[in-house]
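Here are my notes from a first look at this model. Have it open and follow along with me.

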Amino acid sequence: MKKLVSLLSAGALFCALLTGCSGTGTAATPTPAPSGAPAPSAAQPAQSGTPSNDLTGTTIKIGATPAPHAEILAVVKALLADQGITLEIVEFNDYIQPNTAVEDGSLDANYFQHITYMNEFNASDNTHLVSVAEIHYEPFGLYAGKTASLDALADGAQVAVPNDTTNEARALLLLQDCGLITLKEGAGITATKLDIVDNPKSLDIVELQADLLPTTLPDVDLAVINGNYALDANLNVSDALAVEAADSAAAQAYVNVLTVKEGRENDPSIQTLVKALQSDEVKAYMEETWPGAVVPMF
């Protein structure tokens, strides 16, 4: 009987030791991922023993046009790396693919467009894109091609403008501010060249894809060029014949935004990206790198 009691006591002690080693006070060591296992998906933290609000190991995939957006994101990438977050920047040279990629989920976000263009894109392409932050404004510029000044502009001269609805309207409004044309009353930010009611110099308004405008500049008299494409082509806003005012209504209508698909606005990874994009470091970088050409809006 005494032998039986001794055996039972020893067994209980052994179980108690096992229970103590696996208690909640000490985290279990995660099982290493097998060799060749896929990396965590975009904007999802790696599976580990870290708390759910820890974004260490997260990858955020974002689309952008090269300048200034991708260059600004390079600053953001370094800031996020300090938090253990990888920012994967995918560059595009058009205004269509970055939006369709956010819509289909192959990108977590994009940063290349102004709010008015995003809204028009939603309407025309039945997408579900939303702005999560206002970042900067790029004044449109009217640049000299074959004609060096507005005073030298001849009758029938060719003036190139972007061919997408919102950017064409913006270009036409700038031409109107220069006294070159008059638009139909109320045309506003949806104006096209069909809304021109007075064209005293009979200017030939040439509609082109926005990214082609800088390369076309030598072949036309003047061109109204988007800020990012002007930067790509090393065109300085200080050399433009006319520029949108930074305090104009255009600054609000055409503020560049960080865009995600509806429903992802409050994702922790997206909110962390917003905070980095609106940081003092990014603001200083914009102001020092592109004075007057890229205006922070935060």
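I call it a contact when heavy atoms lie within 4.5 Å. I take helices (H or I, at least four residues) and strands (E, at least two) as DSSP runs numbered from the N terminus. The model is predicted, so I noted that local features need pLDDT of at least 70, side-chain atom pairs pLDDT 80 or more, while totals for chains, interfaces and linings use all residues. Residues are numbered from 1 along each chain as its sequence is written, and side-chain values use heavy atoms, without hydrogens and water.

**Entry 1, two helices.** I looked up where helix 2 meets helix 10 (residues 280–289). Glu71, Ile72, Val75, Val76 and Leu79 of helix 2 touch Glu281, Val282, Tyr285 and Met286 of helix 10. By class I found seven nonpolar, no polar and two charged residues there (nonpolar: Ala, Val, Leu, Ile, Met, Phe, Trp, Tyr, Cys and Pro; charged: Asp, Glu, Lys and Arg; polar: the others, Gly among them).

I then traced an open sheet of six strands, in the order 2-1-3-12-4-13 with mixed pairing (two strands pair if DSSP finds at least two bridges between them). Strand 2 (86–91) and strand 13 (295–296) are at the edges with a single partner strand each, so one side of each has no neighbour in the sheet. Strand 13 runs antiparallel to strand 4 (residues 129–137), over two bridges. In that pair, Tyr137 is opposite Val295.

Is Thr166 buried or exposed? I found Thr166 buried, because its relative accessibility is 1% (buried is under 20% relative accessible area, exposed over 50%, partly exposed in between, with a 1.4 Å probe and protein chains only). Thr166 sits in helix 5 (residues 165–177). Leaving out residues up to four places away in sequence, Thr166 touches His114, Thr116, Tyr117, Glu120, Ile189 and Tyr254.

Note on methods
Axes fitted to C-alpha atoms, helices over the stretch in contact; angles between N-to-C directions.
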